[in-house]
Structure formats: C-alpha cells, structure tokens
Amino acid sequence: PIGLRQLAHREDLRPWGIAVNGFASVVGSVLSLPLAVLFGFTVLFGIGVAVYAAGCLVFLALPAPRATT
C-alpha cells in the first residue's frame with residue numbers, strides 16, 4: 001500500500017507496481033528452497049535482507065507524491 005501511494009500520481013505505473021510485486025513474490029518463493037539447500041538458511045536470510053534493503057533504498061529515492069486536491 002505504501003508503494004502504491006507513492007505511485008498515486010502515476011496512473012500508468014500502478015499496474016507495473018502490482019505486477020512487479022507479484023513477480024517478486026513468485027520468484028522469491030520458488031528460489032528460496034533451492035538456495036537454502038545449496039547455501040544454507042543463513043545465506044538465504046542474508047540475501048533476503050539485502051533484497052529488502054535494496055528495495056528500501058529504491059523506495060526512498062522515489063520522488064514524494066504530489067498533493068492532490
């Protein structure tokens with residue numbers, strides 16, 4: 001919801017935001033098992049932290065939404 005609020009002023013990007021979220025959810029769940037088997041849960045946890053940190057940095061780099069009246 002917070003990310004979609006950031007995209008409120010860009011109607012054309014809202015479907016992309018939902019699609020990227022769905023894609024990342026599916027890919028993350030599919031890759032988690034083989035990555036855990038190959039590298040262990042500690043490495044998998046580190047990968048998850050890194051991906052979420054990167055997402056936070058991208059989110060913070062987005063321009064603030066304009067106020068709508």
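**Pocket**

I went for the pocket search first, and the largest pocket comes out at a volume of about 1,100 Å³. My grid has 1 Å spacing over the protein atoms alone, and a pocket is an open set of points where a 1.4 Å probe fits, with protein on both sides within 12 Å along at least five of seven lines. Points are joined across faces, edges and corners, and the volume is the space filled by probe spheres set on them.

This is a predicted model, so I note that local features need pLDDT of at least 70 and side-chain atom pairs pLDDT 80 or more, while totals for chains, interfaces and linings use all residues. Residues are numbered from 1 along each chain as its sequence is written, and side-chain values use heavy atoms, with hydrogens and water left out.

Two or more lining residues come from each of α1 (2–6), α2 (14–39) and α3 (41–61); α2 gives the most, with 11. Helices here are DSSP runs of H or I, at least four residues, and strands are runs of E, at least two, numbered from the N terminus.

Ala, Val, Leu, Ile, Met, Phe, Trp, Tyr, Cys and Pro count as nonpolar, Asp, Glu, Lys and Arg as charged, and the others, Gly among them, as polar.

**Helix packing**

I then checked α2 against α3: the angle is about 130°, with the axes 7 Å apart. Axes are lines fitted to C-alpha atoms over the stretch in contact, and angles run from 0 to 180 degrees between N-to-C directions.

For contacts (heavy atoms within 4.5 Å), S32, L35, A36 and F39 of α2 meet F41, V43 and L44 of α3. That contact has six nonpolar residues, one polar and no charged.

Technical notes: 1 Å grid on protein atoms, 1.4 Å probe; cavity = no way out; pocket = protein on both sides within 12 Å on 5 of 7 lines; lining within 4 Å.
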